[in-house]
Amino acid sequence: MTLIDRASKAGHQAEVYRIRRKAVHVRLHEGELSLVAHRDRSACALRVIHDGRLGASFAESPSQDGLLEDASAAARFGQGVSFAFASALSLAASDAGFNPKTADLTAGDLIDVAVGVRDRITASVPGAAVNLVCEAASGERSVETTEGAAAEEAFSRVTLGVEVPFAAGGGGAAGRRISVGPEEVPDAWLEELIERSSWGAAPSVPSTGRLPVLLSPYASSLLTQTLAACLGSGSVSKGASPLAEKVGQQILSERLTMREDPTHAGHPYARAFDDEGVAVKPRTVIENGVLQGFLTDLAGAEDLGTSSTGNALRRTMFSQKIEDAPVPNWLGAIIEPGEQPWRELMAGIEEGILVTRTAGLHSCNLLQGQYAVQASGFHIRDGQPIGYLERVMLAGNVFEDFRAVRAVSREQEVTADAEMEVAGLAPYILLDSAQVTVG
Amino acid sequence: MRQRLRAALEGLNVDYADIRFDEERKTEITLGNGRVEKMAVFSPRGGHVRAYVNGAKAIASFSRLEDARGAAERTAAAARAAAAHGNRPVRLAEAPVVDREFAVFTAHDPRSISLREKHDLLRDYEALATAVPDVVMTQFMYADSYAQRAFANTQGTAVSHEHLISHILGVVVGRRGDAVRRAYFAVGGSSDFGRLVNREEMLRESLATLDELLSAKPAVAGVYPVVVDPYGAGVFIHEAFGHTSEADLVLHEPVLRERLALGAEIGSTILNVVDDPTLPDRGGSYSVDDEGVLGRRTRLITAGKVAGRLHSRETAAALGEPITGNCRASDAGFEPLVRMSNTIIESGTSSLDEMIASIDDGYYVAGGAGGQGGIDFTFGARWARRIRGGKLGEMVSDANLSGNLFRTLKGISMVGDDQLLFEYFDCGKGSFDGVQMTTRICAGAPHIKIDNITVGGVSE
């Protein structure tokens with residue numbers, strides 16, 4: 001008898017979430033092979049509703065002893081809910097995020113890729129101590145409920161991360177590619193990485209004060225993570241979000257339009273259903289800076305008196321285990337592109353900074369929109385990078401600084417968050433100014 | 001279980017291999033805005049293998065104990081294959097063979113407390129918070145975990161060890177107009193359930209701070225002298241120096257290898273820092289690490305000079321330094337990494353009043369709201385007060401601090417005669433299969449004064 005059948009027989013509504021992840025990973029440190037790793041893990045999370053109360057349990061497999069009994073015991077004191085688990089999906093599960101070739105990749109294949117990339121870089125930068133990781137991951141994810149939902153989809157990802165050290169030390173130019181299946185690494189991508197490593201010939205100290213800030217696609221997490229905190233139904237329904245009453249109002253620059261679309265075929269982390277088995281669907285969340293709606297899961301939708309938008313994710317910034325309860329998040333945040341090439345945006349900066357990475361956002365008051373992060377990247381003067389940033393802190397308020405956006409680039413890049421297992425697309429964003437403080 | 005693991009390694013054609021398996025039992029309860037948001041009982045388990053052949057290393061994780069032998073064989077084969085690729089040789093430092101069990105003993109075992117009692121304790125704390133005007137969101141979490149861990153290697157070590165920990169973490173969000181601020185309440189971090197009860201006074205203090213914080217303006221950005229309270233200083237030493245004491249980071253960063261050589265002058269002469277997993281029943285306390293090496297106290301900074309660093313057997317061999325027993329994984333599904341245990345700044349001689357009186361224009365920053373380490377580090381304060389003319393002034397919000405490790409440690413000009421350790425602390429560190437979050441870690445410090453540090457905030 002399956003776990004769902006046993007739960008049903010016990011008079012429970014039940015939801016079984018299962019995931020299996022397999023991966024092979026190779027790492028080159030300073031140009032030399034340093035690690036070969038394999039992973040084969042499975043996990044099963046059970047939620048039951050009994051007499052209107054919710055309980056949960058977790059184990060490695062649905063056959064592990066005590067899984068149903070633990071969830072039943074928890075439900076005796078659990079959350080009072082009136083929502084039902086997902087019913088049969090209106091959208092068939094797809095394999096949009098899966099390429100079978102990825103599952104066939106071996107450690108030997110990945111070593112060949114890694115060594116090939118290293119050799120192409122050192123052909124241009126002789127002696128460069130390149131750090132590199134290459135990983136092929138694949139698996140299956142499923143949600144089954146007593147209400148009739150039964151969806152399963154496969155996923156796969158090939159990730160290549162490369163760091164080319166700056167000549168002056170103090171870090172390096174880092175790039176990451178992520179795709180559903182194996183792909184050639186384009187010359188242009190490697191050439192840009194090598195060019196950026198040459199910008200790090202020396203550190204350069206910008207002025208302290210409000211400066212123009214060009215955020216690279218990965219640094220746009222300042223915006224997406226803040227919005228995830230403020231648009232999630234948990235903070236909205238409790239009135240803690242400053243955006244709770246601002247649907248239909250201008251909250252960001254009119255140059256910013258953000259869509260939620262986890263369905264992109266061939267896109268890493270593409271999916272047909274969220275972690276509660278609710279079908280995901282593309283929609284616009286912010287249109288020309290005007291807020292259109294929130295991100296909800298089943299419980300949050302119940303609180304707001306709406307239906308789930310299919311944004312439940314069993315991962316948070318602080319925990320990447322599926323044993324955590326689903327919470328609303330972006331599953332495929334897409335920031336729409338603009339008109340100009342990003343290099344033109346940089347060329348128009350008299351003095352400012354190009355931010356490629358930030359650190360410390362998790363310790364900021366995201367609900368307030370407040371951020372104070374350490375910025376990595378490059379100091380720009382007269383439109384040119386003149387050195388890498390050291391001891392630079394970037395601070396301000398998202399809802400003020402992203403109101404004054406000078407331009408958005410026409411290029412978009414994939415912004416995958418491997419910990420959260422979500423991906424999106426983002427352009428370069430040029431803020432009119434933000435507070436830059438040099439220590 | 002350790003004998004079963006030992007058997008899984010028999011006959012492998014490798015230079016060295018080890019294997020771990022964890023079985024854990026966790027209870028988590030979350031209350032939010034007066035109702036139960038989570039009531040869950042978890043039973044995660046999993047294992048991990050490492051194999052070394054001619055200096056090549058392979059690792060693998062697996063889910064079921066019955067898969068241990070297969071995982072060991074596949075990992076050994078992967079290491080042999082990797083050895084053919086001309087890799088960077090990996091060696092392991094010698095470590096004594098340990099063959100024993102380590103049990104946990106506690107006066108108030110959280111496993112003996114019913115779900116109902118745990119729920120009611122949490123409910124009573126939350127009720128104090130929800131009764132406060134302007135509080136719009138509360139989230140109070142109770143968690144306990146009992147883990148049985150086993151380890152064996154091909155050199156004869158076979159250990160099993162138990163871990164038991166419980167804590168309560170409360171987050172209270174207040175909103176006054178457009179101002180949204182948070183207060184925190186964290187107790188426990190040990191095997192003793194008794195540390196979780198009768199802590200109302202601590203929560204009331206935190207709620208009073210929230211009330212003041214809701215009317216506070218953000219900090220003004222700049223470079224200032226600051227006095228950091230023991231919790232903030234604990235986060236500071238964890239983020240700013242602790243992570244750079246983890247030898248795997250030193251090994252991979254040429255600048256750190258050079259500047260953190262043993263004996264190098266890194267801080268002011270009044271600065272003394274230790275890492276000590278042998279402290280009784282603290283968050284970062286343990287008997288044996290995940291390489292079967294016994295935990296021990298390690299001096300990291302003595303009178304401002306680098307006195308030691310934290311090691312795995314790999315990093316100790318690579319740097320030619322003694323093993324310290326600091327190689328740990330958040331659970332058996334992960335590769336063990338070099339991790340801190342209880343990392344502490346030792347007390348000095350200055351009083352808090354002397355520190356504040358020494359500052360003409362600066363900040364008093366309090367509480368640790370997390371951070372990120374490295375040569376350049378950042379950490380957030382829960383709240384701060386402006387210091388003007390040697391006196392504490394108005395409260396300010398959103399004071400995040402950032403600095404350069406070497407400048408900042410040398411800028412510590414006063415160390416307080418007090419000391420506090422966090423009860424609850426967590427930390428994430430990246431590994432190939434994701435960030436490993438752990439709550440089995442702790443930090444502590446006295447008040448300290450830093451002469452110049454960057455405060456991220458708004459422009460004046």
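A residue is called buried here if 20 or more other C-beta atoms lie within 10 Å of its own, exposed if 12 or fewer do, and partly exposed in between, with the C-beta atoms placed from the backbone. By that criterion, 58% of the 460 residues of chain B count as buried. This is a predicted model, in which local features need pLDDT of at least 70 and side-chain atom pairs count only at pLDDT 80 or more, whereas totals for chains, interfaces and linings use all residues. Residues are numbered from 1 along each chain as its sequence is written, while chains are lettered from A and ligands numbered from 1 in the order in which they are written.

Chain B contains 10 helices and 28 strands, where helices (H or I, at least four residues) and strands (E, at least two) are DSSP runs numbered from the N terminus. Its radius of gyration, taken over C-alpha atoms, is 23 Å, close to the 23 Å that the globule rule (2.2 Å times the number of residues to the power 0.38) gives for 460 residues, so chain B is as compact as a globular protein of that length. The C-alpha trace of chain B spans about 70 × 55 × 35 Å along its principal axes. Two residues are taken to be in contact if their C-beta atoms, placed from the backbone, lie within 7 Å; among such contacts in chain B between residues at least 6 apart in sequence, 74% join residues at least 24 apart.

Within chain B, an open sheet of 6 strands runs in the order E13-E12-E11-E16-E27-E24, with mixed pairing, two strands being paired if DSSP finds at least two bridges between them. Its edge strands, E13 (305-306) and E24 (420-421) of chain B, each pair on one side only. Strand E11 (residues 273-275) of chain B pairs with strand E16 (residues 342-345) of chain B in the antiparallel sense over 3 bridges, and Val274(B) stands opposite Ile344(B) of E16(B). Helix H5 (residues 230-245) of chain B packs on this sheet, touching E11, E12 (298-302), E16, E24 and E27 (442-445) of chain B. The direction of H5(B) makes about 120° with that of E27(B), given axes that are lines fitted to C-alpha atoms, for helices over the stretch in contact, and angles that run from 0 to 180 degrees between N-to-C directions.

Where do the two chains meet? In all, 66 residues of chain A are in contact with 71 residues of chain B, and E2(A) gives the most to the side of chain A that touches chain B, with 11 residues. That side of chain A has 24 nonpolar, 30 polar and 12 charged residues, where Ala, Val, Leu, Ile, Met, Phe, Trp, Tyr, Cys and Pro count as nonpolar, Asp, Glu, Lys and Arg as charged, and the others, Gly among them, as polar. E2(A) also pairs with strand E4 (residues 56-62) of chain B in the parallel sense over 4 bridges, with Ser61(B) in E4(B) as the bridge partner of Arg39(A).

The last stop is a residue in strand E6 of chain A, Phe155(A). Phe155(A) counts as buried because it has 23 C-beta neighbours inside 10 Å. Leaving aside residues up to four places away in sequence, Phe155(A) touches Gly97(A), Phe98(A), Ser138(A), Gly139(A) and Arg141(A).
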